[in-house]
Amino acid sequence: LFSTLKKVPFSNPWIFTGQRALAGALLRGCSPERLIDSRVGAKPYKILPSSEHAGHRALHAVGFSKVSNEVVFCILGQAALANGSFLSACNLLQLQPSKVVFVVIEQEISDEAPVAKQSIYNMSKMAELFSLNYFEISAKEMKEEELEDILLKVWKDALEDKSSIFRICLH
């Protein structure tokens, strides 16, 4: 995702992510040494680990986009959808349109995994409920050109304050 974002012909978007995906700053020229202290390491590279709590991260992304008037890609997992803060972020987008793209990376959770199902929500219906654009792609069938096309589309939509949910299925 990070390497494809570099290829799409638009300016460097802000990316809100958790600590695990902070390594995407490396693809933007950040040295590994700068990532040691996450409070300062990636900020010049427009990658912010605003919160480990995904729902709160979504709220931070909406607020940051509204204040800065910049496009924000907010990377989330499927558990974020079941969180009240994420729903609040979607609601806030209707009240205060902003330039946010929620990138939801969905992994298959096997029956052997020590966690339960993360959410009962259907993402496309959730997007429809909150008047968000919805895009979905399967990592198994994904072609890089297809990913570039979707990223360019959500970027152009975000510039017009049309936010999106972009679901990437890894299973």
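Which residue just after α2 takes a positive phi? Asn69 does, with a phi of about 60°. The model is a predicted one, in which local features require pLDDT of at least 70, side-chain atom pairs count only at pLDDT 80 or more, and totals for chains, interfaces and linings use all residues. Residues are numbered from 1 along each chain as its sequence is written, and side-chain values use heavy atoms, with hydrogens and water left out.

**Helix α2**

- Helix α2 spans residues 54-68, 15 residues in total; helices (H or I, at least four residues) and strands (E, at least two) are DSSP runs numbered from the N terminus.
- From first to last C-alpha, α2 reaches 21 Å, close to the 21 Å expected at 1.5 Å a residue, where the expected span is 1.5 Å times one less than the number of residues.
- Ala54, Gly55, Arg57, Ala58, Ala61, Val62 and Ser65 are the buried residues of α2 (under 20% relative accessible area; exposed is over 50%, partly exposed in between; 1.4 Å probe, protein chains only).
- These residues lie on the same side of α2 because they cover an arc of only 160° around the axis, taken from the directions from the helix axis to the C-beta atoms.
- The buried residues of α2 pack against β1 (14-16), β3 (72-77), α3 (84-95) and β4 (100-106).

**Positive phi in loops**

- Most residues other than glycine have a negative phi.
- Ser131, not a glycine, has a positive phi of about 55°; this residue sits in the loop between α4 (123-129) and β5 (133-138) and is exposed at 57% relative accessibility.
- Asp161, also not a glycine, has a positive phi of about 60°; Asp161 belongs to the loop between α5 (144-159) and β6 (164-169) and is partly exposed at 32% relative accessibility.

Methods:
Contact = heavy atoms within 4.5 Å.
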